[in-house]
Amino acid sequence: MTDAKETAIQEPSAPVPLLDPREGIPPVTASPEALAEVVAAFAAGTGPVAIDAERASGYRYGQRAYLVQLRRTGAGTALIDPVGCPDLSALGEVLAGTEWVLHAATQDLPCLYELGMRPTTLFDTELAGRLAGFARVGLGAMVENVLGFTLEKGHSAVDWSTRPLPEPWLRYAALDVELLVDLRDALEEELRGQGKLDWALQEFAAIAAAPPPAPRVDPWRRTSGMHKVRRRRQIGIVRELWEARDRTARERDVSPGRVLTDAAIVTAALEVPPNVHALAALPGFGHRMGRRQLEQWQAAVDRARALPERELPQPTAAYTGPPPPRAWADKDPVAAARLSAARAAVSALAEELNLPQENLVTPDTVRRVCWTPPAEITPENVAAALTALGARPWQVALNTPLLTKALTTQLPAAPVTPPSTPPTTPPTTE
């Protein structure tokens, strides 16, 4: 493996600002007729297709796409409005078998699935950057460090559900796919030079083959500040308020945080207000909130207050995996020793290979193998355990030897203290 300082890609000394797309800002595709033209153009294009999607996180409910950007040799750049064109399955069909180039693919793929688009092969430039050892893997940083251009990123967090979309936003969106294939090509060469290209291809194949993420269990438990709430009755208030907020946000198609903040939910759970007047006095439920809204939130609090004990949520979510590592020393000291040895070995190997530990093997995989190791610790059994937990072949090959050794770690034997001998009394003489 080559050291990060010796990579083929050198950071340019004076990056060049990228201000406009090569062919100018394309018109927004927002009708079936215009979409048909885009489909035909991209079907006739050649090579990989760069794809990006813009969402309205923090403004709208859910993670649907409000703009889809594509670029392909021979087709140019297209900006598609999913509000006017909610079904992009025809575009997905003509791109079947074409490599998609995305940056942080797992962020965009779910909203593209909703539009009828799913890749068969892909190249993730963010993940490629991680495997290649780059410290900063955002798209702007990668384009600058690898290609020597700077991208204007001032519109990344705007409300993309706005219509019509302002021209500066459309320019920004088009530029996001302008150099994505060029970045892909440079990173492929870098990974090949480091001997990591096959690792990356295995990772990309796993992302493309993965099913859409399953809905979260008890998503209300992710409420920010939840760690402050410890009593089951109060946890029940968090759940009721979160679910009431979620219903309202869905109906109004706005971000839940704009309906009621997490901080307000946690405050109400800790204070357990007995009536609307008491609720209105709490931070987050101030004078801007109408009587009807206050009554809605108080009704959620009252529902939790009236629940029988058996229906209150447990303090922690049901979990089938190992306990938190901080509890291992008490529950199973030998497992704790195994985990310590495994973590140290993984960390050392990741540093040697110049890639993040979590890309070498996920922390959850290490914990599960260390908590419940194979009955017989052999390389074959450890490799099988890693494979069963979703590790890719390259990860299995690299981690099996060091985890096999770590799993044989035992607690050091306690020092044996020799028994104390009573002092001898000299014989007395008559």
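Trainee: Which residues does Gly116 touch, not counting those up to four places away in sequence?

Mentor: Quick heads-up: this is a predicted model, where local features need pLDDT of at least 70 and side-chain atom pairs count only at pLDDT 80 or more, while totals for chains, interfaces and linings use all residues. Residues are numbered from 1 along each chain as its sequence is written, and side-chain values use heavy atoms, with hydrogens and water left out. Touching here is a contact, meaning heavy atoms within 4.5 Å. By that rule, Gly116 touches Leu88, Ser89 and Gly92.

Trainee: Is Gly116 buried or partly exposed?

Mentor: Gly116 sits in the loop between H3 and strand E7 (121-124); helices (H or I, at least four residues) and strands (E, at least two) are DSSP runs, numbered from the N terminus. Buried means under 20% relative accessible area, exposed means over 50%, and partly exposed is in between, using a 1.4 Å probe and protein chains only. Gly116 has 35% relative accessibility, so the label is partly exposed.

Trainee: Where is His103, and does it count as buried or exposed?

Mentor: Look in the loop between strand E6 (99-102) and helix H3 (105-114), where you'll find His103. Its relative accessibility is 15%, so His103 counts as buried.

Trainee: Which backbone nitrogen does the side chain of His103 reach?

Mentor: We're after polar contacts: pairs of N or O atoms within 3.5 Å, where, within protein, one must be able to donate a hydrogen and the other to accept it, and residues adjacent in sequence count only if both atoms are side-chain atoms. The backbone nitrogen, reached at 3.1 Å, belongs to Leu139.

Trainee: What is the phi of Ala104, and is the residue buried or exposed?

Mentor: Ala104 is in the loop between E6 and H3. Though not a glycine, Ala104 has a positive phi of about 60°. With 5% relative accessibility, Ala104 is classed as buried.

Trainee: Are H5 and H7 parallel or oblique?

Mentor: Their axes are lines fitted to C-alpha atoms over the stretch in contact, and angles run from 0 to 180 degrees between N-to-C directions. Helix H5 (residues 139-147) and helix H7 (residues 180-194) pack at about 60°, with axes 10 Å apart. Angles under 35 degrees count as roughly parallel, over 145 as roughly antiparallel, 65 to 115 as roughly perpendicular, and the rest as oblique. So H5, relative to H7, is oblique.

Trainee: How many nonpolar residues are in the contact of H5 with H7?

Mentor: On the H5 side, Leu139, Met142, Val143, Val146 and Leu147 meet Leu180, Asp182, Leu183, Ala186 and Leu187 in H7. Ala, Val, Leu, Ile, Met, Phe, Trp, Tyr, Cys and Pro count as nonpolar, Asp, Glu, Lys and Arg as charged, and the others, Gly among them, as polar. The contact has one charged residue, no polar ones, and a nonpolar count of nine.

Trainee: What are the axis distance and angle between H4 and H8?

Mentor: In this pair, Leu127, Ala128 and Leu131 in H4 meet Trp199, Ala200, Glu203, Phe204 and Ile207 in H8. Helix H4 (residues 125-132) and helix H8 (residues 197-209) have axes 10 Å apart, and the angle is about 145°.
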